[in-house]
Amino acid sequence: MTLVSPSGEQHGKIERTQVCVFGSGPAGMTLAHSLATQGIDVILIEAGGQYYDPASQDFYRGRVVGDPYFDLSECRLRMFGGTSNHWAGWCRPFEESELSENPNLSITGWPISLKDLAPFQTEASEILEVPNDFQDIEFGPDLRHFMIQFSPPVLFGEKYADFVASSKRLRAYLNSTLIGMSLENNSVRNASIRSHAEGEDTFDWQVEADYYVLCLGGIENSRMLLWINEENRRGLVENHDFIGRFWMEHPRATLGDMLLSEKALPLVRDGFVNFALTTAAHNSLGLAQARFSAFELGHGRSKQLLADLLCTAPETSKYYLSLLFDKNLHCGAGFYSEWEQLPRYDNRVALDEETDQYGVPRPVLYWTRSDFDRKTITEATKLLASQFAELDLGRIRVEEWVADDEAIPEQVQPGGYHHMGGTRMSTDKTHGVVDPDLKVHGSDNLFIGGSSVFPTGGIANPTFTIVQLSLRLGEHLVQKLRL
């Protein structure tokens with residue numbers, strides 16, 4: 001059995017392995033599994049236990065400065081399988097336009113392209129248990145049906161528990177927290193771990209490895225890298241101020257209601273249908289990208305929507321009344337958007353003065369939506385509405401703040417728990433924290449996995465791309481270890 005909570009007998013010991021991975025969410029678990037199945041010795045360090053524990057979850061408390069955002073102790077999970085334990089299962093790989101530089105926007109573009117991720121799409125689909133089919137339907141030059149596949153969803157702790165427990169190559173330690181790293185020249189010499197077992201005091205031990213990989217999530221990666229760098233007199237990351245910068249979410253807002261025509265209704269799957277403007281449309285408007293998700297309304301809400309339409313457009317309403325009553329088709333829908341947030345230097349993760357139970361500074365998240373973020377969604381929604389009518393996909397009624405181009409209301413849900421950026425990928429240290437192979441600039445053996453390396457957020461949910469990047473990193477580390 002190698003899925004363990006260490007006992008006090010571990011105190012002061014040094015464990016040796018080839019690769020040490022921190023975090024058992026989609027990034028860390030995918031990487032650890034990939035390495036172990038290819039014959040690499042791996043230690044997987046998970047700060048939480050096998051199940052949710054409020055005392056452990058309290059380590060994730062932090063502050064938010066700026067726009068209203070979720071409680072940081074609620075939007076991520078400290079347990080085996082990580083935040084996949086509250087993942088909804090939406091899957092889609094990034095496309096070339098999400099990785100390429102937007103000609104109208106600064107600080108966009110990834111240092112890798114689709115050809116670097118595409119070889120791992122089939123395996124990522126198998127891991128996430130979705131069909132490898134993401135073909136969009138183009139309705140015209142400005143609008144498309146945006147294909148999303150739905151995972152069961154896969155909970156990574158459950159999916160890989162048996163493998164971890166029986167593997168001869170993978171040792172997973174629960175209730176074990178990374179509290180620091182020691183450096184030697186440009187390499188991590190060892191990692192310090194603090195563990196606890198039921199009924200025992202905490203105890204410290206160390207891991208020595210050829211390579212270390214932080215897969216702690218889109219806030220913790222920045223937090224721990226900042227802390228490790230501070231503890232080592234900024235000897236790990238020379239361009240220290242870049243750590244935590246360009247943090248992003250997918251801002252989210254309910255935008256109004258729609259009536260779907262018979263042309264659009266067949267696209268509804270699992271109660272949802274997703275639309276997006278084409279890349280050409282976004283670029284022509286000078287916008288970032290946006291995704292629109294329509295969800296079925298109850299019969300009562302649909303009737304009210306039709307009644308409202310009857311007062312303003314009686315001839316048009318007759319068609320939708322026939323769909324609802326004569327053909328018994330569920331044509332009423334609400335819709336919301338999650339859109340790409342422009343990466344901004346001031347949106348960042350920083351260290352607070354308050355520390356957690358182990359003395360590590362808690363995170364402070366500085367996050368605001370910009371005027372450009374508001375412009376992206378209001379202008380994109382107006383084009384969506386005009387395209388719906390022109391292409392006979394339906395009719396849309398938007399919220400007043402969208403129609404009048406007003407500020408995004410504070411009471412809207414701020415995002416989708418999609419924590420991206422902070423340790424962004426770049427070709428050189430002057431523009432980011434990790435290189436295209438996800439190695440920290442200036443380090444010989446420290447890597448970072450997960451969505452914190454995203455230079456931009458795109459409009460696809462991040463989990464699929466996280467898995468692809470972990471598979472790619474696994475292949476890279478195997479090659480280095482076998483040289």
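Mentor: Gladly. Let's start with strand E17 (residues 332-339), which is joined to E14 by seven bridges, the two running antiparallel. Keep in mind that this is a predicted model.

Trainee: What makes E14 and E17 a pair?

Mentor: Two strands pair if there are at least two bridges between them. E14 and E17 have seven bridges, so they meet the definition of a pair. Within this pairing, Met258 stands opposite Ala333 in E17.

Trainee: How do you know that E14 also pairs with E20?

Mentor: By the same test: five bridges link E14 and E20, again in the antiparallel sense. Leu259 has Arg395 in E20 as its bridge partner.

Trainee: Why is strand E14 described as mostly covered?

Mentor: A residue is called buried when its relative accessible area is under 20%. In E14 (residues 252-260), seven of the nine residues are buried.

Trainee: What is the strand order of the open sheet?

Mentor: The order is E6-E7-E15-E16-E17-E14-E20, seven strands with antiparallel pairing.

Trainee: And what makes strands E6 and E20 edge strands?

Mentor: Strand E6 (137-138) and strand E20 (394-398) each pair on one side only.

Trainee: How do you know that E7 and E15 are paired?

Mentor: Strand E7 (residues 143-145) and strand E15 (residues 272-277) share three bridges in the antiparallel sense, and the cut-off is at least two bridges. His145 stands opposite Phe275 in E15.

Trainee: Let's move to a loop. Where does Ala47 lie, and why is Ala47 called buried?

Mentor: Ala47 lies in the loop between strand E3 (42-45) and helix H2 (54-57). Its relative accessible area is 16%, and buried means under 20%, so Ala47 counts as buried.

Trainee: Which residues does Ala47 touch, leaving out those up to four places away in sequence?

Mentor: Ala47 touches Ser56, Arg78, Asn175, Ser176 and Thr177.

Trainee: Now the whole chain. How do you know that the radius of gyration agrees with a compact globule?

Mentor: For 483 residues, a compact globule would have a radius of gyration near 23 Å, and the protein has 24 Å, so the two agree. The C-alpha trace spans about 80 × 45 × 45 Å along its principal axes.

Trainee: What share of the residues is buried?

Mentor: Buried residues make up 59% of the 483. As for contacts with a separation of 6 or more, 74% are between residues 24 or more positions apart.

Note on methods. Residues are numbered from 1 along each chain as its sequence is written. This is a predicted model: local features need pLDDT of at least 70, side-chain atom pairs count only at pLDDT 80 or more; totals for chains, interfaces and linings use all residues. Side-chain values use heavy atoms; hydrogens and water are left out. The radius of gyration is taken over C-alpha atoms; the globule rule is 2.2 Å times the number of residues to the power 0.38. Buried means under 20% relative accessible area, exposed over 50%, partly exposed in between (1.4 Å probe, protein chains only). Contact means heavy atoms within 4.5 Å. Helices (H or I, at least four residues) and strands (E, at least two) are DSSP runs, numbered from the N terminus.
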